[in-house]
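Me: I would like to go through one model feature by feature. Please give me the general idea each time, then the case at hand.

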Amino acid sequence: MVGSPAGREPLKIIKKVCPRYPTGETNFSGRVEVHFVIQEDGSTSNITVVGDVDQAVRKACEDAVNQWRFQPYHDDGKLRKAKTYFVFHGPMEGNDVSL
């Protein structure tokens, strides 16, 4: 689930892409927490993976979130950036990334 700014409308995902893990990296389990900013146009930036994560898995998650698009976020009638996060679960745990 994508976190929403406290006390605000939920963020609406328009396009969500699953990570493409490299061969040999598809059997890990665990969580990968990714923090990012949604820009005024709905694109993502400042993508940061939290914690000690294998470099190949880190890159796959960053690349996926970089392709995500959101409905532009409004606050008090103005377009705003929004800081948020998403938690990917390893393929062995089942990753629900449906819209």
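Me: What is the mean pLDDT of the chain, and what share of its residues reach 70 or more?

Reply: This is a predicted model, and its chain has a mean pLDDT of 82, with 76% of the residues at 70 or more. In residues 95–99 the pLDDT falls below 50, although the stretch has 14 contacts in the model beyond near neighbours in sequence. Where pLDDT is low, the predicted coordinates should not be read in detail.

Me: How many residues does the largest nonpolar core have, and which have the most contacts inside it?

Reply: The largest nonpolar core has 20 residues. Those with the most contacts inside it are Val-32, Val-34, Phe-36, Cys-61, Trp-68 and Phe-88. At least two core residues come from each of strand S2 (31–38), H1 and strand S7 (82–89). The largest share, five residues, is supplied by H1.

Me: Which residues is Val-32 in contact with, leaving aside neighbours within four places in sequence?

Reply: Val-32 is in contact with Val-49, Val-53, Val-57, Cys-61, Phe-86, Val-87 and Phe-88. Of these partners, Cys-61 and Phe-88 are also listed among the core residues with the most contacts.

Me: In what sense do S2 and S3 pair, and over how many bridges?

Reply: In a regular strand the side chains alternate between the two faces of the sheet. Here S2 and strand S3 (residues 44–50) are antiparallel, paired over five bridges. One of the partners can be named: His-35 has Thr-48 in S3 as its bridge partner. The hairpin of S2 and S3 has five residues between the strands, and within this hairpin Gly-42 takes a positive phi near 95 degrees.

Me: How many salt bridges does the count come to?

Reply: Side chains of opposite charge can pair when their charged atoms come close. The cut-off used is 4 Å between nitrogen and carboxyl oxygen, and the count comes to two salt bridges. In one, Arg-31 pairs with Glu-33, with the closest N and O atoms 3.5 Å apart. In the other, Asp-63 meets Lys-59 at 2.9 Å, N to O. Asp-63 and Lys-59 both belong to helix H1 (residues 55–67) and are four residues apart, about one turn of the helix.

Me: Where is Arg-69 found, and which residues is Arg-69 in contact with?

Reply: Arg-69 is found in strand S4 (residues 69–70). Beyond neighbours within four places in sequence, Arg-69 is in contact with Ile-13, Ile-14, Lys-15, Gly-42, Ser-43 and Thr-44. Arg-69 and Ile-14 are 55 residues apart in sequence, yet 5.4 Å apart in space, C-alpha to C-alpha. Arg-69 is partly exposed, at 33%.

Notes:
Residues numbered from 1 in each chain as written. Predicted model: local features only at pLDDT ≥ 70, side-chain atom pairs only at ≥ 80, totals over all residues. Heavy atoms only, no water. Salt bridge = Lys/Arg side-chain N within 4 Å of Asp/Glu carboxyl O. pLDDT = per-residue confidence, 0-100. Contact = heavy atoms within 4.5 Å. Buried < 20%, exposed > 50% of the residue type's maximum accessible area, 1.4 Å probe, protein only. Core = buried A, V, L, I, M, F, W, Y, C linked by side-chain atoms within 4.5 Å. Pairing = 2+ DSSP bridges.
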